[in-house]
Amino acid sequence: MQTIGILLPRSTYYETIGFDLYEGLRSGLKHLGRADIRIVSENIGFGADKQQCYRSAEKLLLEENVDLVIAYIGHRTAQLLRPLFLAANKMLIVLDAGANLPHEWSVCPNIFYHSLHNALGAWHIAKEAADNGYKNAGMVTGYYDGGYLHTYSICKSFEIAGGTICFNHATGYKAADFTMEPLINHLEQYPDSALLSLFSGDYVQWYFEGIKNLFENKNIPIYLPPFAFEETMLAKAVYPSNNIKGIAAWSKKIDTEVNTTFIETITEAGRIPNLFSLLSWESATIALKVLELTETHKKNATKIATDLQSFKFESPRGSIYFDSKTNISISPFYKATIIPTDDGMCEIQLEGEATDVFENYVKLTDEELNNSTSAWYNSYVCI
Amino acid sequence: MSAYNMEKQKKIIVLCGGKFAFKTLQLLAYEKFISGIGIGNGSETITEALERETENSNIEFKSFPNQKSISEMKNWIESIQPDYIFCISFPFLIPESVLAYGTDKFINFHPAPLPQYRGAMPIFEVLKNQENETAICVHFMNTKFDEGPIIFNDTVLINPGDTYGKLTVRLSERMAQVALNVANMIQFASKIPSQPQDEMLSYYYEKPTLADTYINWKRMTGSQIIALINACNPWNTGADATLLGEQIKIISASLLHSKHNNQPGTIVSMTDTLNIACEDNQQIAIEILSTDQGIMTAQHFGSLKPI
């Protein structure tokens, strides 16, 4: 019997992340007619404990003898696991939030990344802000979200597009410390600035509440990356103003048969479809391709990787393929705005597919990070 | 803190041959993995520099200037009691008496794929053989050079136009990350998987001699010559060749996709470059060469030798 291992994280504000990732994979395999494949899961906590991550992966490979491993981790943890997967000659499919940027895009035939591309989304929205005529901007983030290198992406992109980052505001991570008050002064000093904002989970709700309380009816321009468009969180966020736009990686509103099938299947399984179940649902297709190629190429990792690099498939968010230079999946982005629901909360309105996703990806990955580093080891949104 | 984090940091000794291992030493020292550094046959400058660096830390240092001095290694290792010994381009064979310190405690980082590229200068060989990729092979050590069970080969792409120097620098940088990955691996792993080497695929390359670095105009294609020139730059100050009856070394050249009617090894034309006929009806354009009179551009060479 073929076996797939999955490393599952936990998150305080996405309490169901582990269940969502598991169900996405299980339903995805079932939908593809492979309910016979055994899934073995291991817990990796917040993804910050190197030993826990390593031992969990080791257990799946050496004790459970899985055929491949799927893991919601970042580049840094994937590097930690790299020698293990090379030595075991098995494939690791990394489900990556894409919030951090690695210091080297070192390709390994045994590791492929399937990403939600938050840093690339941040790159897009900063460029869009500049294209919309904003010369000045402030980066607004929090203690937690600000620790990932999507901060570098959003600022660099705005500067390359000719803009100037005039101020940064990174607020605290506890409710008592979380404040948008400094923005009053910043915006007085730099009026007509766009707010390039990096928040996720509960912090999106807190951010919107802060904006509503301090700037209601002022319609200050706010730009958001994919994780801020996570719909289960948005549904609980108060609608702050009507000048909020950005990039969504996926939405329930994408009107395709593939997306409808995904939503219906996950809903029937008793879960609310979200970015995490989406990511692992898609990974089922990649995993089956890896299993097929493993058999075809008799476990020759280089040949498996070469064929996987040219693999393309239809997903709930559109066509997905891999960049052969980095072994990272490229998927469509959607321009989106935030609109109010009848009860004054938030929902997404899709404004069409974003263009030049791959071109921007190449620009982002060509950028030197210089001395920018991230101290956050945990998988993004797993706190 | 979780129970996992309570485990003691593993102690590692690194045995190296010099500059190539510096990035690795820096990174492993930064991550507090290194408890000792041994250098084999290093130049005095490098040995002194390393000794100075280790004086200010808790890292033990020892120089092994020749094969005879290896007899002191056993006691040195036993006095430090490392968990593992990493070897990065250490020039001497480690005898069985030293390896007896512990089975699977000695790990070599070989700068080329194994078992295909055994030997002392595999970077030269992969370039000469026009490979598209090479690797850093991590393997357990036994009493023979490059023959122990393989833990993994970590692929490194070879870029068009890579010279021995460029590839060596890139491998040295990559080596640091691979060594750190392995340090983490030994820190956290309950078992390190390895595979015996497939002897059917193995090849041992002796250290290159003049016969290996010499351009044979009559037998080598243009691309083979360029590969050899790149493989010899800078360690051999270029590929050896005979031109106009003189022994020279070609340091830098590129392939000209241009046909000719000349004998291989003769000068077709002199532009900014010195263009030489090859046996496959291609030409190579020499940019820099070394002669008895010194290192010079092709133009300078042309001005000295009326063609």
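This is a predicted model: local features need pLDDT of at least 70, side-chain atom pairs count only at pLDDT 80 or more; totals for chains, interfaces and linings use all residues.
You can find the partners by eye: I222(A) has I244(A) as its bridge partner in β10(A). For L224(A), the bridge partner in β10(A) is G246(A).

Now turn to another neighbour of β10(A). This is strand β14 of chain A, residues 334–340, and here the pairing is antiparallel, with four bridges. One spot to look for is A248(A), which stands opposite Y334(A) in β14(A).

Seven strands make an open sheet, and you can read across it in the order β7-β6-β8-β9-β10-β14-β15 of chain A. The pairing in this sheet is mixed. Which strands sit at the edges? They are β7 (164–171) and β15 (346–353) of chain A, each of which pairs on one side only. On average, neighbouring strands in the sheet are turned by 25 degrees against each other, direction ignored.

Elsewhere in chain A, two helices pack against each other. They are α1 (residues 17–31) and α10 (residues 275–296), with axes 7 Å apart and an angle of about 35 degrees between them. Their crossing is right-handed. If you want to pick out the contact yourself, α1(A) brings residues including I17(A), L21(A), L25(A) and L29(A), while α10(A) brings residues including F276(A), L279(A) and W281(A). Sorted by class, this contact has nine nonpolar, seven polar and two charged residues.

Time to hop over to chain B. How many residues of chain B are in contact with chain A? There are 19, and they touch 18 residues of chain A. On the chain B side, β8 (150–157) and α6 (164–188) each supply at least two residues. The largest share, five residues, comes from α6(B). Split by class, the chain B side has nine nonpolar, seven polar and three charged residues.

Chain B can also be looked at in pieces. Its domain assignment gives domain 1 (3–205) and domain 2 (210–304). Taken over C-alpha atoms, the centres of these two domains of chain B are 36 Å apart. Where they meet, eight residues of domain 1 are in contact with nine residues of domain 2. On the domain 1 side, α5 (122–128) and α6 of chain B are the elements that give two or more residues. The largest share of that side, three residues, comes from α5(B). By class, the domain 1 side divides into three nonpolar, three polar and two charged residues.

Technical notes: Residues are numbered from 1 along each chain as its sequence is written. Chains are lettered from A and ligands numbered from 1 in the order in which they are written. Two residues are in contact if their C-beta atoms, placed from the backbone, lie within 7 Å. Ala, Val, Leu, Ile, Met, Phe, Trp, Tyr, Cys and Pro count as nonpolar, Asp, Glu, Lys and Arg as charged, and the others, Gly among them, as polar. Domain bounds come from an automatic or database domain assignment. Two strands pair if DSSP finds at least two bridges between them. Axes are lines fitted to C-alpha atoms, for helices over the stretch in contact, and angles run from 0 to 180 degrees between N-to-C directions. A crossing is left-handed if the near helix is turned anticlockwise from the far one by less than a right angle, and right-handed if clockwise.
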